[in-house]
Amino acid sequence: MRLATREELLLFHDPSYIETLELFGNMGTAFSARFGLDTDECPIFPGVDKYASYPVGGTIDAVMGVADGEFEDAVSFLGGFHHAMESQAGGFCYYNDIVIALKKYQQKYPEKRVLYLDTDAHHGDGVQHAFYHDPKVLTISLHELSMGFYPGSGRAEEVGIGEGKGYSVNIPLPPLTDDVEWWRAFEDVVVPIWLAYKPDFVFWEVGADGYMNDPLTDLMLTYDTYQRMSKTVRQLVHLGTRKLVVTGGGGYNAVAAAKIWTILLADIADIALPPTIPAEWIELCHKHGFQVKRGGWTSRPFRMPSDQYPKIRRAVDDTIEKVKELVFPTFGLEDQI
Ligand SMILES: [Zn+2]
C-alpha cells in the first residue's frame, strides 16, 4: 500500500479540496462545511489526508497491475470510496479511489471499455457522476433506495448524458429486498447488459452492507448471496478478458463484513474455507467486543414477512421493467424488453 501522488489525486479531485484536506491533517477546520468535511461521517483528524490517500494508492496499483498483466486479478478491501466527489467528501469517503484509478487506466488504455459494477447497498453516486458522459465506462449500481436513505440518488431514470446516455444503469431496490429478489434483478438486467457490452476490464465494488444485519441499511442479503455473487462475477469475467479488480466498500456489521471479505477472498484465490471459523478468530472478536453467534459461513434462514412480499416483488418488477425500457436499446437488447 502506498500514498497516491498529487498528480494522481488531481485526475479527479479539485486542487483546493486536496489542499484543504492536507491542511486539516495538521490544523483547524476552516472551509470544512464547503467541502463536506468535519461531519459525523467525514470527520477531520490529524493525518486525514494520508488516511484518505492510502486506499487510492492501493486501488491504482490493483487496477494498473491487472491492466498491465502483472497479476490476474486483485482485491483491495480498503478501497471502494464510491461517494467522494471532485470537491466534496460524503458517506465516509474523502478521495474517490475508484474514479482516480479508472481515470489512470483510461490514460493508458483510452480505447478500452470498463464495466464498473457496484453491489454496495448505497448508490455509487461519485463514480456515476465522474463518468456520466462517458460510454467507455459503464456504471451499474444495485442499491437500496428509500425515503431519506443515503445518498438519495440512483433512480432508474439516471441513465447518463450525451454520448454516455444509456451507460449509467441504476437498479434501485426497496427495503427488505431479499436474496431471491436481488438475484432476479441481477439476472434480468445486469447479465444481459454485461454480455452485450463485452467489457475489457471489470471493476467491482462489493459492499458488505447489503447483508441482512447491517445497522445502516435495510437489504436482507445472506452470506450465500455474497458467495454466489463472487462466483457469478468471476464466471462473467472469465467469459471475457479476465481482468477483474475487487474493492470492499461499505459494511457496518464488523463481523459480517469480515466474514464476507473472507468468503470473497477465498473464492477468488480458490482456497477452501474450513467448515467453521477458527476458534482464535472468534476469541479475537470477543476481545474487541464483537459477538460471533454462528461459527459457520451461512446465515440464519430468512423469510420475508408474507404481508410485505407482494409489495416488494411488485417494486422490484417495476424497477426491472423500467431499467430495461430505459437502457436495453443502448445495448441492442430491444427484443428482451
Ligand atoms: Zn454502502
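**Helix packing, zinc site and cores**

Helices α6 and α7 are roughly parallel to each other, because their axes cross at roughly 10° and angles under 35 degrees count as roughly parallel. The model is predicted. A zinc ion is coordinated by D120, H122 and D209.

**α6 with α7**

- Helix α6 spans residues 179-197 and helix α7 spans residues 223-239, and their axes come within 12 Å.
- On the α6 side, the contact is made by D179, W182, W183, F186, E187, V191, W194 and L195.
- On the α7 side, the partners are T225, R228, M229, T232, V233, L236, V237 and L239.
- Sorted by class, this contact holds 11 nonpolar, 2 polar and 3 charged residues.

**α6 with α10**

- From α6, the residues in contact are E181, R184, A185, D188, V189 and I193.
- They meet Y309, I312, R313, V316, D317, I320, V323, K324 and V327 of α10.
- By class, the contact of α6 with α10 has 9 nonpolar, no polar and 6 charged residues.

**Zinc site**

- The donor atoms are OD of D120, ND1 of H122 and OD of D209, at 1.9 to 2.1 Å from the zinc ion.
- Along the sequence, the donor residues follow the spacing D-x1-H-x86-D.
- D120 sits in the loop between β2 (114-118) and α5 (125-130), and D209 in the loop between β5 (201-205) and α7, so the pair ties together parts that are 89 residues apart in sequence.
- D120 has a relative accessible area of 0% and is buried.
- D209 also counts as buried, at 0% relative accessibility.

**Nonpolar cores**

- The largest nonpolar core has 60 residues, and I171 and I193 have the most contacts inside it.
- Leaving aside residues up to four places away in sequence, I171 touches I140, S141, L142, H143, A185, V189, V190, T319 and V323.
- Of these neighbours of I171, A185 and V189 are also among the α6 residues that meet α10, and V323 is among their α10 partners.
- I193, named for its contacts in the core, is likewise one of the α6 residues that meet α10.
- A second, separate core has 39 residues, including V48, I60, I98 and V245.

Technical notes. Residues are numbered from 1 along each chain as its sequence is written. This is a predicted model: local features need pLDDT of at least 70, side-chain atom pairs count only at pLDDT 80 or more; totals for chains, interfaces and linings use all residues. Side-chain values use heavy atoms; hydrogens and water are left out. Axes are lines fitted to C-alpha atoms, for helices over the stretch in contact, and angles run from 0 to 180 degrees between N-to-C directions. Helices (H or I, at least four residues) and strands (E, at least two) are DSSP runs, numbered from the N terminus. Angles under 35 degrees count as roughly parallel, over 145 as roughly antiparallel, 65 to 115 as roughly perpendicular and the rest as oblique. Contact means heavy atoms within 4.5 Å. Ala, Val, Leu, Ile, Met, Phe, Trp, Tyr, Cys and Pro count as nonpolar, Asp, Glu, Lys and Arg as charged, and the others, Gly among them, as polar. Donors are N, O and S atoms within 2.8 Å of the metal (3.2 Å for Na, K and Ca); water is not among the atoms, so sites may look incomplete. Buried means under 20% relative accessible area, exposed over 50%, partly exposed in between (1.4 Å probe, protein chains only). A nonpolar core is a set of buried Ala, Val, Leu, Ile, Met, Phe, Trp, Tyr and Cys residues joined through side-chain atoms within 4.5 Å.
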